[in-house]
Amino acid sequence: MSNKTQEILDIYSARVMPTYAPSVVVASGKGVTVRDADGLTLYDFTSGIGVHNVGHCHPKVVKAIRDQAATLTHCSNLFANAPATALADKLVQISGLGGKVFFCNSGAEANEAAIKLARKWGSAEGKGRYEIVTMRRGFHGRTLATLAATAQSWCQEGYDPLPVGFAYADFNDIESVKAAVNDQTVAIMLEAVQGEGGVTPATQEFMAGVRALCDEKNLIMICDEVQCGMGRTGTWFAWQGYDVKPDLFTCAKALADGIPMGALVSNEKFADVFTPSSHASTFGGNPVAAAAALAVIDIIEEEGLLAKAVETGELLRAALQAEVDKYDKLLEVRGKGLMLGLVVEGDAKEIVESLRAQGVLALTAGEHVVRFLPPLVLKEDDLEEVVDMMSDAFDCLFGE
Ligand code: PLP
């Protein structure tokens, strides 16, 4: 580690609370790569954890941010602004849900808004119902309510008492969901592709089963699209890859390409559950973030990135499958589009470290899954280079 990186990390560890333990300092990003503080270029197959779907510093996003920053950076939510209004219209249009949008600043906040909306509806039309069924190995955020919704003990430990009102079921097991529903249940919340929990796609039967159960019991179906949304799996939102429509969905991360922004999108039925003053966020619908998000949506449309997520995803999947066929310790490739997980026998962290030594940033998703979330703008020649680097990493780890 050079002086510059070490210098920054020393101050970081002295002054930043240790919720993370970084060993790389990212200084800049361009397209599918980032540069560290010492000028070393790395392929970013994390997209900043599912954020840079259109790549780092896309010129159109940079221009949109610059132009908007020079025009209006904030106005209170007592007033409307044009970029957020246009974005709400666009999100309703590309989702086809026909309802309305609430803007906030992160994935956890978007899910918090979904939880509050479900409870508000449940306290009136839902006849006093408040409980939300969520899936084991799901992930919904780190606020107290979204942590309670996140059925994973590793991130809940030490935070008791967590808010009540959540029941857990097994993902892809509709009987388990049915068993978790009771007279208090108001909603079912899930990711169409679980990200943090191991890059596991829902089955078609499961999504259809959840929808049917919600219809039968008058429950709200909520999809958390924070990680799998914004084109990552080859459709605008991952639930669109299934033959069902949720009542509400949330998105954040890639929405504004790194400018903090979250959104809760509803269908018509739930569009007016929130009323004036019933929920709010000072920065929600920030015009700079909204301008960035409008640019992101334009880029995804103009550059055909939904189709590219599928095509490039197939190439990456095939390359990973070739490695699985070669080494016993690599067990399976799963996921959708450019949201792929490599299931391994040992510690996924070791593989992530070895990939980094070759020049590729990847993530873990639990103990045994290496997660790949490259930008959707990834070109074939860059992918080929990364595939070679990955082969070298696996060869170093598992070769004879
Ligand atoms: N929901 C999902 C599916 C996520 O993957 C995440 C973050 O990883 C969140 C919610 C929380 O988002 P944020 O970190 O923006 O609060």
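**Tour of the ligand site and a pocket**

Start with Asp224, where a polar side-chain atom lies 2.7 Å from a nitrogen atom of the ligand; a polar contact here is a pair of N or O atoms within 3.5 Å. The model is predicted, so local features need pLDDT of at least 70 and side-chain atom pairs count only at pLDDT 80 or more, while totals for chains, interfaces and linings use all residues. Residues are numbered from 1 along each chain as its sequence is written, and side-chain values use heavy atoms, without hydrogens and water.

Next select Gln227: an N or O atom in its side chain is 2.8 Å from an oxygen atom of the ligand. At Gly107, a polar backbone atom is 2.8 Å from a ligand oxygen atom. The protein covers 82% of the 390 Å² of accessible area that the ligand has on its own (Shrake-Rupley method, 1.4 Å probe).

Now show the whole shell of 13 residues around the ligand (a heavy atom within 4 Å). Gly107, Ala108, Asp224, Gln227 and Lys253 are the closest. Helix α5, residues 107-123, gives the most, with 3 residues (helices are DSSP runs of H or I, at least four residues; strands are runs of E, at least two). By class, the shell has 3 nonpolar, 6 polar and 4 charged residues, with Gly counted as polar.

Then move to the second largest pocket, and select Asn77, Val101, Phe102, Phe103 and His279, which lie nearest its centre among 29 lining residues. Elements giving two or more residues to this lining are α4 (82-95), β4 (98-104) and β12 (262-267). The lining has 16 nonpolar, 11 polar and 2 charged residues. A pocket is an open set of points on a 1 Å grid over the protein atoms alone, where a 1.4 Å probe fits, with protein on both sides within 12 Å along at least five of seven lines; lining residues have an atom within 4 Å of a point.

How values were computed. Polar contact = N/O pair within 3.5 Å; in protein donor to acceptor, adjacent residues only side chain to side chain.
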